[in-house]
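Dear colleague,

I am handing over the structure below, and after it you will find my notes on what turned up when I went through it. Please read them alongside the coordinates.

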Amino acid sequence: MKPITLSPTVIARETGYLAACFFVALGANIFAVIYFRRPASELFSQLGFVVAITVALYVYILVLRLIYRGLRVAWNKIRTAFK
């Protein structure tokens with residue numbers, strides 16, 4: 001089996017997507033703690049949910065990116081077929 005190598009650019013891009021998802025989930029947690037007037041200790045006790053929401057957001061964005069890429073590839077094949 002051929003080894004898979006990832007370029008540093010791909011690793012940096014995916015790390016950026018994951019960090020953005022984490023900060024969105026963390027921001028939602030901070031908003032909920034402030035909005036519902038909960039103790040600040042919930043920022044730490046709900047960290048597992050923040051990680052779960054981060055993973056869910058990352059998978060959601062990944063699916064959207066894959067759909068977009070598939071549509072783009074299909075469009076390019078159709079466009080070159082009719083040239």
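Arg38 has a relative accessible area of 45% and is therefore partly exposed, a class that lies between buried (under 20% relative accessible area) and exposed (over 50%), with a 1.4 Å probe and protein chains only. The side chain of Arg38 meets that of Glu42 in a salt bridge, at 3.1 Å from N to O, where a salt bridge is a side-chain nitrogen of Lys or Arg within 4 Å of a carboxyl oxygen of Asp or Glu.

Please bear in mind that this is a predicted model, in which local features need pLDDT of at least 70 and side-chain atom pairs count only at pLDDT 80 or more, while totals for chains, interfaces and linings use all residues. Residues are numbered from 1 along each chain as its sequence is written, and side-chain values use heavy atoms, with hydrogens and water left out.

The search of the whole structure finds two salt bridges, and the other pair is Glu14 with Arg65, whose side chains meet at 2.5 Å, N to O. This pair links distant parts of the chain, since Glu14 sits in helix α1 and Arg65 in helix α3, 51 residues apart; helices here are DSSP runs (H or I, at least four residues), numbered from the N terminus. Glu14 counts as buried because its relative accessibility is 18%, whereas Arg65, with a relative accessible area of 26%, is partly exposed.

Helix α1 has 28 residues and reaches 40 Å from its first C-alpha to its last, close to the 40 Å expected at 1.5 Å a residue, the expected span being 1.5 Å times one less than the number of residues. Along α1, the buried residues are Glu14, Cys21, Ala25, Asn29 and Val33, and they pack against α2 (42-45) and α3, contact meaning heavy atoms within 4.5 Å. After α1 comes Arg37, which has a positive phi, near 50°.

The largest pocket holds about 240 Å³ of space; a pocket is an open set of points on a 1 Å grid over the protein atoms alone, where a 1.4 Å probe fits, with protein on both sides within 12 Å along at least five of seven lines, and lining residues have an atom within 4 Å of a point. The volume is the space filled by probe spheres set on the points. Among the lining residues are Glu14 and Arg65, and α3 gives the most to the lining, with six residues.

Kind regards

How values were computed
Helix = DSSP H or I, 4+ residues; strand = E, 2+ residues; numbered from the N terminus.
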